[in-house]
Amino acid sequence: MSKLVVIDDDRSVLHLVRQGLPQHEVEVAETSLAGLKTIREFQPDVVLLDVLLRETTGLEVLESIQAIDRKLPVIFITADADSDSAITAMQLGAFDYVSKPLDVRTLSELVTRAVRTRSMMNVPVALGTDDSTMAGREAFIGRSPKMLEVFKSIGRVARQNVPVLIRGESGTGKELVARAIYQHGDRADRPFTEVNCAALPENLLESELFGHEKGSFTGADKRRIGKFEQCHGGTIFLDEVGDMSLGVQSKMLRLLQEQRFERVGGNESIQTDVRVVTATNRPLEEMVKSGEFREDLFYRLNGVTIHLPPLRDRERDLPQLIQYFLTHATRDLNKPDVKGLSPDALERLMQHGWPGNVRELRAVIRQAVLNTTGTVIVDEFLPADLRGGSAIGVEFPPGHVSAPLIVPITEPPPMVQTPLGGMPSSNLVEFVQSRLRVGTQDLYAETLMMMERYLITRVLQETKGNQSKAAAILGITRGKIRDRINTFGISVDKSISVESPYHSNGVSEVGVE
Amino acid sequence: MSVDNPVSSLATPSVMNRETALARMGGDERLLLQMADFFLTDAATLVAELDEAVRTGNVRGGHHAAHSLKGLAANFEALPAIAAARQIELSCRDGNLEACVPLMPRLKDEIARLSAALQAMMSHAG
């Protein structure tokens with residue numbers, strides 16, 4: 001459970017937070033002194049701080065908190081939405097602010113974001129190949145030659161103040177690389193923040209990065225401090241930088257060249273000192289040729305490039321990755337009885353092409369653990385797409401000895417109805433029924449996944465594979481569609497006619513003319 | 001003013017907005033009543049503190065008390081009380097305690113009205 005400290009001399013606020021956010025462990029303090037003491041002892045993940053306390057200002061307290069832990073996210077509680085002190089707090093590095101009267105839902109979302117940011121900064125990314133370094137960390141697993149190169153690059157580049165561009169297919173772990181660079185670098189004691197450039201439309205992205213002045217566009221009713229100003233001295237990770245519009249690209253270029261920028265609608269030139277790490281799965285060189293991406297920006301971002309190999313090029317790492325995700329899945333999904341995979345299930349995983357890379361592998365392992373009713377994951381428990389899909393095979397070298405996670409089968413596999421039988425099922429009733437029968441503990445997430453899989457496939461079929469049109473119909477970003485295509489292994493095929501999405505071999509396909 | 005529906009006659013939209021307040025608390029009726037209880041307990045103390053601050057020329061104390069009252073009232077979307085507290089808060093912030101003196105009666109009135117409305121809300125809820 002994440003931990004929260006609230007410092008406010010208004011008892012009703014302390015009560016509201018405690019009652020309204022039961023998913024967090026909350027400690028309260030009515031004075032700054034008590035609050036600082038509580039922070040030292042309780043070691044929270046997030047602090048909520050009133051901007052005006054009886055004996056001091058919130059800004060003074062913020063400085064004291066930063067002296068204890070520079071990376072601890074602090075959310076200010078202000079009385080007015082327009083508060084100058086809140087804006088000043090943002091400039092000093094507060095995570096965000098929320099104005100009274102407090103809304104429980106808004107507060108909850110904000111605290112959740114802060115907890116996630118805290119975790120990204122603090123959960124160490126282990127680069128070792130030695131299993132003993134993995135305990136308590138998010139592991140960057142790899143013994144394959146290409147991953148060893150990645151680790152070396154991270155080590156070389158972490159302490160240099162140059163922009164880093166991380167390249168790799170979707171789901172290969174680009175965020176982990178960015179965090180590893182941050183944690184092993186000189187700015188590890190300053191904040192780290194992530195922005196997904198594909199997730200926001202152009203004007204919102206510009207505002208998110210650079211801030212905006214009051215009245216700069218419709219809806220801009222107060223000045224906003226952007227990430228580059230807020231994260232001064234720290235590190236910013238811009239994911240999917242290839243999705244940045246040309247307008248934002250120009251501003252980025254200037255920022256990288258001169259370390260200055262203006263807020264949207266503003267004249268004041270603001271100095272910044274931020275380390276920029278970017279990532280993309282798009283072919284930037286081609287985009288430069290076609291004019292979609294600025295050549296000068298490309299060269300600026302490309303101070304150092306780190307290439308993350310696709311999973312199909314990391315065959316040596318597969319058994320260890322499978323083991324890692326299996327351990328985590330059985331723990332997270334509370335299925336301690338699941339002990340391993342049968343030889344045929346393992347073979348299936350080794351043969352799969354993994355278009356969605358490590359992210360797809362993780363999803364498949366989790367799905368398999370959910371489906372499994374006994375102690376062993378057999379082939380039937382693997383998602384149907386895997387069992388019918390085409391394989392860019394990974395060959396076992398001759399004389400290969402199976403990984404220790406294989407368990408000999410002593411009893412016949414139970415008859416189980418695979419929830420995702422055949423195609424993306426659209427039969428909600430049947431699906432829920434079958435999952436209830438097997439005693440699932442994660443039905444909400446499973447049903448959402450089943451719904452998404454069907455919905456995305458169906459809409460892509462409708463738009464004949466056109467992702468932009470699909471995004472418009474669904475009301476989500478293209479980036480999200482691409483992400484789901486990879487996670488679910490939806491294959492968008494080019495063929496002469498529109499194929500039926502239902503194939504007997506169980507592959508989810510969308511035909512495109 | 002009707003006597004057969006005391007809740008609605010006191011909890012008029014202008015004094016407070018129960019629906020808005022409840023929505024902010026995620027629909028938690030119990031939490032709403034607990035917050036009302038906090039107001040009823042703390043508002044009186046804060047008004048007394050404000051009186052004392054104005055009397056003794058304590059600008060900082062006055063600013064803080066007015067600011068806190070404003071915050072408490074804001075939980076219930078009590079616009080008249082918020083406005084009254086804010087006026088005093090701004091005067092204190094500008095160091096002008098004299099300007100607060102004629103503003104105090106109105107603030108006390110609005111706090112009293114809001115308190116009555118909250119009392120009615122609590123007893124109606126049983």
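Which residues have the most contacts inside the largest nonpolar core? They are V47(A), V74(A), A73(B) and L114(B), in a core of 74 residues. This is a predicted model, in which local features need pLDDT of at least 70, side-chain atom pairs count only at pLDDT 80 or more, and totals for chains, interfaces and linings use all residues. Residues are numbered from 1 along each chain as its sequence is written, while chains are lettered from A and ligands numbered from 1 in the order in which they are written.

**Nonpolar cores**

- A nonpolar core is a set of buried Ala, Val, Leu, Ile, Met, Phe, Trp, Tyr and Cys residues joined through C-beta atoms within 7 Å; buried residues have 20 or more other C-beta atoms within 10 Å of their own, with C-beta atoms placed from the backbone.
- In the core of 74 residues, helix 3 of chain B supplies the largest share, 11 residues.
- Leaving aside residues up to four places away in sequence, L114(B) touches V15(B), M16(B), A73(B), F76(B), A78(B) and A81(B); contact requires C-beta atoms, placed from the backbone, within 7 Å.
- Another core, of 72 residues, lies apart from the largest one and includes V274(A), I322(A), Y324(A) and V338(A).

**Contact between chains A and B**

- Chain B contributes 17 residues to the contact and chain A contributes 16 residues.
- On the side of chain B that touches chain A, the elements giving two or more residues are helix 3 (29-56) and helix 4 (59-74) of chain B.
- Helix 4 of chain B gives the most to that side, with 7 residues.
- That side of chain B comprises 7 nonpolar, 7 polar and 3 charged residues, where Ala, Val, Leu, Ile, Met, Phe, Trp, Tyr, Cys and Pro count as nonpolar, Asp, Glu, Lys and Arg as charged, and the others, Gly among them, as polar.

**Chain A overall**

- Chain A has 20 helices and 18 strands, which are DSSP runs numbered from the N terminus (helices: H or I, at least four residues; strands: E, at least two).
- Of the 513 residues in chain A, 43% are buried.
- Among contacts in chain A with a separation of 6 or more, 69% join residues 24 or more positions apart.

**Strands 9 and 10 of chain A**

- Strand 9 (residues 192-196) of chain A is largely enclosed by the rest of the structure because 4 of its 5 residues are buried.
- Strand 9 of chain A pairs in the parallel sense with strand 10 (residues 235-239) of chain A over 5 bridges; pairing requires at least two DSSP bridges.
- Opposite V195(A) stands L238(A), in strand 10 of chain A.

Methods. A residue is buried if 20 or more other C-beta atoms lie within 10 Å of its own, exposed if 12 or fewer, and partly exposed in between; C-beta atoms are placed from the backbone. Two residues are in contact if their C-beta atoms, placed from the backbone, lie within 7 Å.
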